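Please open the model in a viewer and keep the selection panel at hand. The stops below proceed from one selection to the next.

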Amino acid sequence: MRWTQTFIPTMKESPEGAEIPSHKLMIRAGLIQQVMAGAYTYLPLGLRSLKKAERIVREEMDKAGAVELLMPALSPISLWEKTGRVSAFGNVLINFKVNRAGKQVHLALGPTHEEVITDLVSRHISSYRQMPITLYQVQNKFRNEERPRFGVLRTSEFLMKDAYSFDTNVESLGRSYDAMYDAYCKIFTRAGLKYLAVEAESGPIGGDASHEFMVVAENGEDVVVHCEESGYAANLERAETGPRGLEPFAGEPQGVKKVPTPEASSIEAVSKMLKCKPSDMIKTLIYMADDKPIAVLIRGDHEANENKVRRAVGASAVELAPADVINKVTGAPVGFAGPIGMQEEIPIWADFDVRAMGNMVTGANEGDMHYTGVNLGRDFSVPDDHFADLRNVEDGDPAPEGKGTLSLRHAIEVGHVFKLGTKYSEALGAKFLDDQEKQHPIIMGCYGIGVNRIIASLVETSHDDFGIIWPMSLAPYELLITPLNVKSEEVMKVANGLYDDLRAAGVEVLMDDRDQRPGFKFKDADLIGIPLRVVVGERGLKEGQLEIKWRTESDANMIPLEGAVAKLAGMVEEARA
RNA sequence: CGGGGUGUGGCGCAGCCUGGCUAGCGCGUCUGGUUUGGGACCAGAAGGUCGCAGGUUCGAAUCCUGUCACCCCGACCA
């Protein structure tokens, strides 16, 4: 493609709204243009990269045995009512009514496609002989995000590859899942992304049933927990700590004192008022565990993890208790709960760290009052088997498997694989007969990749002060020819020849044939980040030479014009990997 | 949904507090010329309902009210 014949609106400055590198660079390099919050046009250059990401995804899905189809974005709201996801999605589900032949039809724009595909499968698959099968599509999804942000990283319309597996038993699901997991690893590797496959919350199937594929990036919205030494990686919801090696409290125990703390209902306010450290305080959280109240004690500077609480308690659902329940159970308004002298006897659970605390500050179960000098065992007790890992991992915690320490990092979620089980097949009647003529719900898995995020996270993690640094696999063009002086007949003769011959050799070539000064073109070349740059200049031509430079390197090299096409095509070929 | 911020030619901004000449600057665009190895220079030109609506005033980009949009932090996120 010749630059003058396509549409690459590069910019020297980034627009006011853009803050993070990927957003700024994608706009400046002329990849995208915002239409509204959370909706972007892909300009020719951006579209080429997006298509390349799509192609990698398709190739690996096909290799893994998945079969492509295409479902519509539109679907009847009734399908979403059957699975209860109208309310589960709430405001996120974009839905509306249209008039058809005098009747109102209620439609939804698909935020994902479990309903539509399960409905499809329920109509055509009824025998164990038809499985396993994995179906996938690459299609636009719609989610009314409460707050779209970070350019193309979080949008209300986005391109997703979603795959769904259908199996007759859990072992077979495991194989389908592993095939997708492996395909994902290949996809992200080919895309040049440095990713982590992290354990995620597993849901109904339990066990090792969900992984998120995360690209570590400062501006990522998610937090992953990673241990370099052991390779352990999990998301914050899921991550566990190893044995914490806590020493029991060795200080001199003080007496319990009740002190007034007017209006101070937060850890921060109380610690300021009483001049104590948050790590000497106890957070007493009242949860509803399957509708029964329990108290959970967490060190003041830590954060409770509801999933861990749920697992420790053995409940199927856990949520923070509403204010009226807290009043009733503790006898105090929210913010003054403590383990000593609650109104009602309820089970008390505590995080491991509480064991090592002494002379603690806790709520006094009375408005505007706290206790100081509280000690475990003497003033309140927690049964041994009620101590557990109940909090979020903190940076520097010991890793599980007894080796190394955990660090927290921000990351961008680019993919998710998940063992669904029978939730949708049961709700939508997708059943099959086994070889014993017994009917069962089909066992499903779902596998998503945010295609736009492949591009955005690549740019986010692969750039320098001058612009984007594309890997060959995602670059909008593989090679850029920069004729320095388009008015020179000799230069253009060579440049045009190279252009034609390289294209004939199967290289994706962009030629900057604009009548601009060299410096101007070099800046744009760095900005759009084409991997290999070939400069055709009068100076080099005098020696029969061309200048070539990789975007990743700072120095250029001269190669003879003679045989340059074969050499360049070979270099590109090799870098495609 | 809570908190904060911003809307002024295509892009980046100044002017607003303290109302008053023809709304200004840089980049970009167009014309002519000189240039040509890291975002050139000179001369000239085009391009604006100052987000929108209402109000105050002799007079509003500027003050007031409402509204819309966008951005950031937080909450939410199958």
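Begin by selecting α13, which supplies 7 residues, the largest share of the surface near RNA strand B. Here, near denotes a residue with a heavy atom within 4 Å of the strand; helices (H or I, at least four residues) and strands (E, at least two) are DSSP runs numbered from the N terminus. The model is predicted, so that local features need pLDDT of at least 70 and side-chain atom pairs pLDDT 80 or more, while totals for chains, interfaces and linings use all residues. Residues are numbered from 1 along each chain as written, chains are lettered from A and ligands numbered from 1 in the order written, and side-chain values use heavy atoms, without hydrogens or water.

Colouring the surface by class gives 19 charged (Asp, Glu, Lys, Arg), 9 nonpolar (Ala, Val, Leu, Ile, Met, Phe, Trp, Tyr, Cys, Pro) and 5 polar residues (the others, Gly among them).

Next, display individual side chains. An N or O atom in the side chain of Arg-147 is 2.5 Å from a phosphate oxygen of RNA strand B. At Asp-526, a polar side-chain atom lies 2.2 Å from a base nitrogen of the RNA. For Arg-517, the distance from a side-chain N or O atom to a base oxygen is 3.0 Å.

Now select helix α1 (residues 21-28). Is this helix mostly covered or mostly uncovered? Mostly covered: 6 of its 8 residues are buried, that is, under 20% relative accessible area (1.4 Å probe, protein chains only). These are Ser-22, His-23, Leu-25, Met-26, Ile-27 and Arg-28. Their cover includes β1, β2 (39-42), α11 (451-461) and α13. Just after α1, Gly-30 adopts a positive phi of about 75°.

Finally, show the open sheet of 5 strands, ordered β16-β14-β15-β17-β20 with mixed pairing. β16 (318-320) and β20 (387-388) stand at the edges with a single partner strand each, so one side of each has no neighbour in the sheet. Within the sheet, β15 (residues 292-299) and β17 (residues 348-351) pair in the parallel sense over 3 bridges, where pairing requires at least two DSSP bridges. Select Val-296 to find its bridge partner in β17, Trp-349.

Technical notes: A polar contact is a pair of N or O atoms within 3.5 Å; within protein, one must be able to donate a hydrogen and the other to accept it, and residues adjacent in sequence count only if both atoms are side-chain atoms. Buried means under 20% relative accessible area, exposed over 50%, partly exposed in between (1.4 Å probe, protein chains only). Contact means heavy atoms within 4.5 Å.
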